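Student: I would like to work through this structure step by step. May we begin with the terms that are needed?

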Amino acid sequence: SKPIVAIVGRPNVGKSTLFNLLAGDKISIVKDTPGVTRDRIYAEVNWLDKDFTLIDTGGIEPDSQDIILSQMREQAQIAIDTADVILFITDVRQGLVDSDAKVADLLRRSRKPVLLVVNKVDNFNKFLPDVYEFYNLGIGEPIPISAASRLGIGDMLDEVVKHF
Ligand code: GDP
Ligand code: MG
């Protein structure tokens, strides 16, 4: 079967924007239990003659830091359990935050391939210096993208399919 690529990260970093960009109209929603955060959205994606299944693990919108963190842990666990490659999305505008580091710790211990994606780099000249901060997560080289402006997406996908 096809490799599975899971998107994880804090609320509002742009996971769904990236997912929708890559998915086009080939989206299907899989709900386990109403209101439970394990709802997942799948899409079939092709890049450079390679097919993969993309999963957005977004779920409900949490309203407190505790819930955000527990939901991120759950997302990370889904990704660790099911994915061949994990796209860990962060936000250059908000910078590195504590919950990013906590999820990075979980992902690192899984020994699954993790690509550290820094989103909202809408202007590569202006924001690139801020991207280097994300090296401090200790899970590899940050990949700058702008899901909204479609920048860096091809380079990111090149890195994804290298792991298949
Ligand atoms: P999610 O909660 O991680 O799924 O994030 P969303 O995809 O819903 O995006 C959250 C907000 O960030 C929305 O207002 C998006 O329009 C915005 N956003 C997403 N990607 C980008 C980007 O590349 N640049 C900027 N400036 N905003 C973005
Ligand atoms: Mg979302």
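Tutor: Helices (H or I, at least four residues) and strands (E, at least two) are runs assigned by DSSP and numbered from the N terminus. The model is a predicted one, in which local features need pLDDT of at least 70, side-chain atom pairs count only at pLDDT 80 or more, and totals for chains, interfaces and linings use all residues. Residues are numbered from 1 along each chain as its sequence is written, while chains are lettered from A and ligands numbered from 1 in the order in which they are written.

Student: Which pattern does the protein chain follow along the sequence?

Tutor: The protein chain holds 5 helices and 7 strands. Read in sequence order, they give the pattern β-α-β-β-β-α-β-α-β-α-β-α.

Student: Is Gln75 buried or exposed?

Tutor: A residue is buried if 20 or more other C-beta atoms lie within 10 Å of its own, exposed if 12 or fewer, and partly exposed in between, with C-beta atoms placed from the backbone. Gln75 belongs to helix H2 (residues 65–82). Because Gln75 has 28 C-beta neighbours inside 10 Å, the residue counts as buried.

Student: Which residues does Gln75 contact, apart from its neighbours within four places in sequence?

Tutor: Two residues are in contact if their C-beta atoms, placed from the backbone, lie within 7 Å. One part of the chain to examine is Gly9, which is 66 residues from Gln75 in sequence but 8.0 Å away in space, C-alpha to C-alpha. With neighbours within four places left aside, the contacts of Gln75 are Val8 and Thr57.

Student: Why are the buried residues of H2 on the same side?

Tutor: The buried residues of H2 are Gln71, Met72, Gln75, Ala76 and Ala79. They lie on the same side of H2 because they cover an arc (taken from the directions from the helix axis to the C-beta atoms) of only 140°. An α-helix has 3.6 residues a turn, so residues three or four places apart point the same way. The value asked for is thus the arc of 140°.

Student: What do the buried residues of H2 pack against?

Tutor: The face of H2 turned away from its buried side carries the exposed residues Asp66 and Asp81. The buried residues themselves pack against strand S1 (4–9), strand S5 (85–91) and helix H3 (98–110).

Student: Within what arc do the buried residues of H3 fall?

Tutor: In H3, the buried residues are Asp100, Val103, Ala104 and Leu107. Seen down the axis, these residues line one face of the helix, because they fall within an arc of 110°.

Student: What covers the buried residues of H3?

Tutor: On the other side of H3, Asp98 and Arg109 are exposed. The cover over the buried residues of H3 includes S1, H2, S5 and strand S6 (114–119).

Student: Is Tyr132 buried or exposed?

Tutor: Tyr132 sits in the loop between helix H4 (124–131) and strand S7 (143–144). Because 12 other C-beta atoms lie within 10 Å, Tyr132 is exposed.

Student: Which residues are closest to ligand 1?

Tutor: A residue is near a molecule if its C-beta atom, placed from the backbone, lies within 6 Å of it. The shell around ligand 1 receives the most from helix H1 (residues 15–23), with 3 residues. In total 16 residues surround ligand 1, and the closest are Gly14, Lys15, Ser16, Thr17 and Ala148.
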